[in-house]
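Visitor: I would like to go through this model one feature at a time. Please give the cut-offs as we go.

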Amino acid sequence: MDQDDRDWWRRGIFYQVYPRSFGDSDGDGVGDLRGIIARLPYLTRLGVDAVWLSPIFTSPMADFGYDISDYTGIDPLFGTMEDFDALVAAAHDCGLKLILDLVPNHTSDQHPWFIEAKSSRDNPKRDWYIWRDGAPDGGPPNNWLSEFGGSAWTYDEASGQYYYHAFLAQQPDLNWRNREVRDAIYEVMRVWLRKGVDGFRVDVIWHLIKDAEFRDNPPNPHYRADRPPHEKVLTQYSTDQLEVHAVITEMRCVTEEFDNRVLIGEIYLPLHRLVAYYGNDLRGAQMPFNFALLSTLWSVRSVEMIIADYEKALPPGAWPNWVLGNHDRPRVASRVGPAQAGVAAMLLLTLRGTPTLYYGDEIGMRQVAISPDQVCDPFEKNVPGIGVGRDGCRTPMQWSAEPHAGFSTATPWLPLAQDYASDNVESLEAEPASILNLYKALIALRRKLPQLVHGSYEPAAAHGDVLLYRRRSAEGVVVIALNFGAAPASVSSSAIGFSNEVLLSTFMDRQGEKVEGVLELRGNEGVILGPHQDD
């Protein structure tokens with residue numbers, strides 16, 4: 001095995017598929033595995049390298065697959081195990097890696113493990129979950145709050161104890177201090193690795209270990225009434241415990257029983273705490289997901305500071321990664337505005353590190369307004385009216401102007417965006433300067449230029465709304481200039497550093513233009529510049 005194969009994830013581009021919303025092959029309005037198989041040619045045209053699937057395991061769907069009742073089964077909604085095997089084979093035939101979403105922090109309350117645990121205080125599975133007596137004066141054992149609203153403790157009348165759930169009551173947390181729990185999940189991982197999956201994205205990995213003393217979380221002094229109620233306390237004792245890193249190292253060891261696999265961690269923490277998840281001697285997650293761009297103010301100085309802080313915080317040898325969208329956060333085109341969507345794409349695909357795309361962002365899909373009677377998300381149902389709903393970023397992929405956007409022959413499980421007749425894959429592929437063709441051009445350029453894959457990141461002095469940086473490698477220097485403002489801007493040759501030509505503009509109309517003296521940027525324009533080479 002050569003080093004290049006083992007590190008494929010460093011040079012690759014990841015693409016997240018939300019299976020319910022990508023392609024429906026059987027006409028029930030919900031996406032499925034056969035629907036994904038049918039769309040693999042599109043992903044190869046786009047140029048991505050790895051497909052990450054949100055959960056497809058057997059589930060009562062209280063939280064749309066993040067409540068698993070059988071870790072080694074495929075939910076019938078998505079198809080069969082034969083369909084899954086066909087997906088693995090088809091993806092690999094297309095040169096695509098396949099990443100599964102592992103949800104080890106909690107199971108469904110319908111999982112046989114929890115049914116056993118709940119049956120008796122003396123059941124051998126009892127300690128597989130987190131059970132506590134109530135507080136001395138009555139009520140829950142402590143003040144820990146569910147991320148989906150209310151106490152994180154639910155009382156079980158039959159046994160007279162509370163069980164802990166960081167999310168829904170239907171999602172009881174596993175006790176990761178129990179050796180048997182760890183070994184059971186590791187065997188689950190091996191089942192899928194033997195089937196050929198190329199790695200895992202591990203859900204809420206920073207939640208796995210809780211404080212052994214179950215101390216109260218401290219109040220959040222910065223809490224605002226317009227924020228979700230679980231933010232009233234800081235999760236000092238219910239998440240991000242030191243012992244979690246030993247668990248992640250064990251997970252990494254499981255993946256390394258197989259060749260060329262990757263372990264990715266979902267972690268919403270400040271950058272200085274996030275980087276600890278690379279582990280001692282980089283023996284933790286190869287890619288602790290960096291979500292900093294999901295929540296930052298979209299301004300040049302804010303983004304510039306995040307990049308600098310992240311690069312500075314990375315342990316020696318750690319490989320960076322960047323994310324602009326996912327199934328839990330509003331669509332990037334809605335967060336930054338359609339005019340800046342191209343700038344955001346160029347940023348994501350030219351920064352140092354592995355980029356992850358969220359399905360539909362490459363066609364500029366926007367957040368869809370969901371009426372109260374159409375809400376599916378349990379978070380929004382439990383905490384209505386403050387904008388926490390995640391349905392709007394999970395709407396069906398817009399493939400064509402056909403009925404139901406070519407996603408299904410039936411009414412989809414979530415409403416389509418009103419603009420699907422114009423903003424869809426079919427129409428945008430035919431439009432030379434579309435956001436989709438910009439993504440394709442960026443991905444192709446990234447494949448062509450080693451500087452954009454393994455080159456160093458060098459910030460350059462810039463003014464106003466322009467973010468300027470270089471990517472340098474033995475093959476030369478590439479310069480990226482991004483105008484975060486709506487007004488035109490100029491960048492002097494002294495800032496750029498040498499004579500260049502435009503390799504790509506977000507407006508797709510300046511390729512080959514020579515830049516001498518001053519680079520003129522239009523409002524909301526980004527460009528990639530390379531050394532001029534004679535034909």
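Guide: Buried means under 20% relative accessible area, exposed over 50%, and partly exposed in between, with a 1.4 Å probe and protein chains only. This is a predicted model, in which local features need pLDDT of at least 70 and side-chain atom pairs count only at pLDDT 80 or more, while totals for chains, interfaces and linings use all residues. Residues are numbered from 1 along each chain as its sequence is written, and side-chain values use heavy atoms, with hydrogens and water left out.

Visitor: Are W298 and F484 buried or exposed?
Guide: The ring centres of W298 and F484 lie 5.1 Å apart with planes at 35°, so the pair is tilted. Rings of Phe, Tyr and Trp (its six-membered ring) pair if their centres lie within 6.5 Å; planes under 30 degrees apart count as stacked, over 60 as edge-to-face and the rest as tilted. As for accessibility, W298 and F484 are both buried.

Visitor: How many residues apart in sequence are the parts that W298 and F484 tie together?
Guide: Helices (H or I, at least four residues) and strands (E, at least two) are DSSP runs, numbered from the N terminus. W298 is in the loop between α10 (292-295) and α11 (300-313), and F484 is in the loop between β16 (476-483) and β17 (489-492), so the pair ties together parts whose separation in sequence is 186 residues.

Visitor: How many aromatic pairs are there by this rule?
Guide: The ring-centre rule given above is the one applied. By this rule the count comes to 32.

Visitor: What is the angle between the planes of F57 and W192?
Guide: F57 in strand β3 and W192 in helix α7 (residues 179-194) are 135 residues apart, and their pair links distant parts of the chain. Both F57 and W192 are buried. Their rings form a tilted pair, 5.4 Å centre to centre, and the angle between the planes is 55°.

Visitor: Which residue lies over the face of W399?
Guide: W399 belongs to one aromatic cluster with Y15, F22, Y42, Y358 and Y359. A charge sits over a ring if NZ of Lys or CZ of Arg is within 6 Å of the ring centre and within 35 degrees of the ring normal. At 4.0 Å from the ring centre of W399, the residue over its face is R39.

Visitor: What is the phi of M61?
Guide: M61 is found in the loop between β3 (57-58) and β4 (70-74). Its relative accessibility is 15%, so M61 counts as buried. Although M61 is not a glycine, its phi is positive, at about 70°.

Visitor: And what is the phi of F214?
Guide: F214 lies in the loop between β9 (199-202) and α8 (244-255). F214 counts as buried because its relative accessibility is 16%. F214 is not a glycine either, and its positive phi is about 55°.

Visitor: With which residues is W206 in contact, leaving aside its neighbours within four places in sequence?
Guide: W206 is in the loop between β9 and α8. With a relative accessible area of 7%, W206 is buried. Contact means heavy atoms within 4.5 Å. With those neighbours left aside, the contacts of W206 are T239, D240, E266, I267, Y268, L269 and Y277.

Visitor: How many disulfides are there by the rule?
Guide: A disulfide is a covalent bond between the sulfur atoms of two cysteines. The rule requires a pair of cysteine sulfur atoms within 2.5 Å. By this rule the count comes to zero.

Visitor: Which cysteine has the nearest sulfur to that of C376?
Guide: C376 is in no disulfide, and the nearest cysteine sulfur is 13 Å away. At 21% relative accessibility, C376 counts as partly exposed. That nearest sulfur is the one of C393.

Visitor: Which strands stand at the edges of the six-stranded sheet?
Guide: Two strands pair if DSSP finds at least two bridges between them. The open sheet has the order β14-β15-β16-β21-β18-β19, with antiparallel pairing. Each edge strand has a single partner, so one side of each is left without a neighbour in the sheet: these strands are β14 (456-459) and β19 (514-515).

Visitor: Which residue in β15 does P459 stand opposite?
Guide: β14 and strand β15 (residues 466-473) pair in the antiparallel sense over four bridges. The residue in β15 opposite P459 is Y469.
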